Amino acid sequence: MLSNHLQNGIETAKLVWSRIPNSEDNDNQESLDLIKPNDDGNVESLDYEVIENCTYWDEQAQRGKLYVAYCVVVKWFFALLIGLGTGLAAVFINISVENFAGWKFALTFSIIQKSYVAGFLLYILINLALVYSSVYIITQFAPAAAGSGIPEIKGYLNGIDVHGILLLRTLIGKIFGSIGSVGGGLALGKEGPLVHTGACIASLLGQGGSKKYHLNSKWLQVFKSDRDQRDLVTCGCAAGVAAAFRAPVGGVLFALEEVTSWWRSQLMWRVFFTSAIVAVVVRSAMNWCKSGKCGHFGSGGFIIWDVSDGQEDYSFEELLPMAIIGVIGGLLGALFNQLTFYIAYWRRNYLHKRGTQVKFYCSKDKEYNDLATIFFNTQDDAIRNLFSAKTIHEFSAQSLLTFLVMFYSLAVVTFGTAVPAGQFVPGIMIGSTYGRLVGMFVVSFYKKLNIEEGTYALLGAASFLGGSMRMTVSLCVIMVEITNNLKLLPLIMLVLLISKAVGDAFNEGLYEEQARLRNIPLLESRPKYQMRKMTAKDVCGNRVVSFPRVVKVADVVSILRSNKHNGFPVIDHTRNGEALVIGLMLRSHLLVLLQSKVDFQHSPLPSDPARPKPISRHNFSEFVKPASGKGISIEDIHLSSDDLEMFLDLAPFLNPSPYIVPEDMSVTKVYNLFRQLGLRHIFVVPRPSCVIGLITRKDLLIEENEDSAMELQSTSVRTQLRDKETVRRNADSELPLLNGLLGKNHTAG
């Protein structure tokens with residue numbers, strides 16, 4: 001009988017859930033309409049692949065050991081600056097929010113003693129003013145600063161650049177917008193925006209500042225490629241989490257687990273160093289503020305909810321209610337993701353077209369209003385009250401349930417509005433509320449004195465974050481660091497695993513859903529199952545636009561204006577007329593050549609291989625697109641009629657060694673190759689007819705002693721340079737791997 005009721009309940013839940021619009025239901029036309037292709041040009045792929053053209057090799061030849069050492073020092077110096085900048089930004093935001101909240105509550109308390117209505121109206125007006133200031137900053141100054149910014153940064157580190165997300169104005173809008181939105185009492189947090197803030201600081205440092213506002217320095221402009229910018233932004237993301245939660249280890253793990261798609265051991269050290277610097281900056285600022293120099297900012301300004309004096313032990317009987325908390329967190333988290341997705345879609349398409357107890361209206365001095373203690377307080381202090389130990393019966397079930405329903409609804413509606421909005425702290429508020437409710441039931445049921453309601457509040461907070469954001473390791477470490485209680489680690493792990501498993505049964509994580517809503521095409525770590533039955537030929541683009549080696553300028557301009565492709569195969573012919581592909585030419589590189597005009601030539605013939613090698617007229621940095629910027633467009637280039645009659649030899653500027661795959665390779669293998677290497681283009685070619693060699697592991701193990709170094713210099717490097725020279729000068733001696741392999745109908749451009 002019980003199993004029948006349970007089965008009926010499950011079927012009913014599935015039926016109700018199926019009626020909620022689901023972003024993953026691609027078979028439903030209505031759901032397909034939710035996600036429309038991004039045709040406004042605001043999203044562009046990044047070039048993480050090294051373009052080994054003539055300019056690149058010329059620059060590499062000029063670099064010695066001293067320059068390599070200088071680059072290493074600058075990388076660590078940038079990590080230091082990112083930590084300092086992000087830590088100071090977090091201190092400024094927290095001090096501002098705490099002081100605005102303190103002034104607001106103090107003034108409201110003083111007025112409410114005389115007139116309840118006047119105090120209520122004043123409280124509303126102050127909040128409206130703060131929220132309006134945030135909305136004005138975002139809508140009029142920095143639209144890219146809206147939301148948490150984590151989906152956009154996750155997309156950037158996945159290889160997708162959303163224009164405007166890493167600019168100076170976005171950084172300014174994020175900082176001051178967060179102060180207004182959080183200080184105004186909205187059901188959101190400042191932790192997500194701090195991740196975006198750290199990423200902006202890192203990107204601006206990597207670019208040497210902002211050229212638009214004339215705040216740039218040439219000596220900082222060392223790392224300008226997309227790959228170097230990616231590493232710096234990763235450090236900034238970790239610094240943001242470390243500053244938001246005072247959790248340096250959690251920041252490193254957050255960057256590793258949640259936002260990055262590529263990771264290596266060298267980056268781990270710099271990320272860890274950056275997070276450690278943030279921890280030192282925040283700790284120093286808090287020690288300085290203890291003297292009273294920061295106004296209303298006190299020890300509760302930064303998130304540390306110390307529960308080290310809480311529940312010391314737990315019994316086997318408590319594991320069942322703790323598991324139930326995990327299930328509740330998974331269900332509510334998945335529902336939250338679905339509701340925020342649908343409301344954000346509707347808003348975008350239709351609307352725009354131990355803390356302090358609060359004595360709120362109490363008749364006696366020793367009384368307090370438990371509901372006002374949560375509502376009429378900062379979120380940090382409210383969570384501290386919910387987590388507090390030795391406070392049985394501090395909150396009534398009616399107050400907690402009322403707050404849960406109201407705050408959950410407010411969080412759903414608020415998330416996605418035109419203000420900087422984080423979801424960490426609101427998620428902790430929601431989870432700690434129902435967790436404390438479960439804790440109250442456990443206390444009354446088991447009748448044990450050692451059970452703490454605050455412990456269940458903490459587990460509830462972890463379960464909701466796990467059910468919504470689907471993080472496990474990093475979230476577990478963050479919760480341990482902010483609560484200063486390692487004894488609860490096994491329980492936190494338990495509820496996180498359960499809540500994530502339950503949530504995954506319904507939809508994707510919060511940031512993945514928001515990225516889908518913003519049309520950010522993320523490549524997840526695991527390819528789709530149906531890709532195993534598909535080949536590269538099935539998914540590659542059939543309309544391939546190519547260039548000859550020597551092309552007329554007018555033809556280049558015409559092709560760039562007629563399509564939006566970002567990569568073009570370059571075709572040359574041997575003496576016997578056989579066509580062969582000599583490499584890949586990027587759109588951005590063509591635009592640089594058109595703008596500079598220095599490589600225009602009158603002759604339609606390629607350069608003479610017998611002539612001495614010309615000195616490169618370009619620096620490698622000229623071909624680098626500014627981070628989060630649109631770069632040069634074809635409309636920005638003005639050419640005369642004489643210029644259009646000139647010719648360009650593309651051989652010195654193309655990528656002579658693009659990645660290629662056979663046409664019958666499974667899409668699963670192509671997907672893994674594309675994502676793990678951070679590629680933007682892959683050539684799809686027919687099955688090769690010959691093999692010129694085979695590389696094994698031992699061929700890649702080169703000893704770094706003097707003898708082998710000399711041998712390497714004399715055989716490999718010189719041969720490689722000679723081959724590169726031949727590739728650039730003589731079309732008849734191109735890379736054998738590309739000879740005759742690429743047909744126009746078998747290429748993904």
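Visitor: Which cysteines form a disulfide here?
Guide: Cys289 and Cys294 do, with their sulfur atoms 2.0 Å apart. A disulfide here is a pair of cysteine sulfur atoms within 2.5 Å, and by that rule the count comes to one. Keep in mind that this is a predicted model: local features need pLDDT of at least 70, side-chain atom pairs count only at pLDDT 80 or more, and totals for chains, interfaces and linings use all residues. Residues are numbered from 1 along each chain as its sequence is written, and side-chain values use heavy atoms, with hydrogens and water left out.

Visitor: Why is that disulfide called left-handed?
Guide: Because the torsion about the S-S bond of Cys289 and Cys294 is about -70°.

Visitor: And are those two buried or exposed?
Guide: Cys289 and Cys294 are both buried. Buried means under 20% relative accessible area, exposed means over 50%, and partly exposed is in between (1.4 Å probe, protein chains only).

Visitor: What about Cys540, buried or exposed?
Guide: Cys540 has 8% relative accessibility, so it counts as buried. Cys690, at 56%, counts as exposed.

Visitor: Switching topic, how many helices and strands are in the protein chain?
Guide: There are 26 helices and 11 strands. Those are DSSP runs, numbered from the N terminus: helices are H or I with at least four residues, strands are E with at least two. Of the chain's 749 residues, 51% are buried.

Visitor: Where does UniProt put the "transmembrane region" feature?
Guide: The unreviewed UniProt entry lists several spans, including 115-138 and 267-286. Such annotations may be inferred rather than shown by experiment, feature names are shortened, and positions follow the numbering used here.

Visitor: How much of residues 115-138 is helix?
Guide: That span is 96% helix and 0% strand, with its end C-alpha atoms 35 Å apart. For residues 267-286, the figures are 100% helix, 0% strand and 29 Å.

Visitor: Which residues make the nonpolar surface patch of about 660 Å²?
Guide: Tyr116, Val117, Phe120, Leu121, Ile124, Leu125 and Leu128 make it. Val117 is in helix α5, residues 116-140, and it counts as exposed at 53% relative accessibility.

Visitor: What's the rule for a patch?
Guide: Its residues have over 30% relative accessible area and no salt bridge; nonpolar side chains (Val, Leu, Ile, Met, Phe, Trp, Tyr) are joined within 5 Å, like charges within 9 Å. A salt bridge is a side-chain nitrogen of Lys or Arg within 4 Å of a carboxyl oxygen of Asp or Glu. Accessible areas come from the Shrake-Rupley method with a 1.4 Å probe; for residues, only the protein chains shown count as cover.

Visitor: Last one: where is Ser181?
Guide: Ser181 is in helix α7, residues 168-183, and is buried, with a relative accessible area of 0%.
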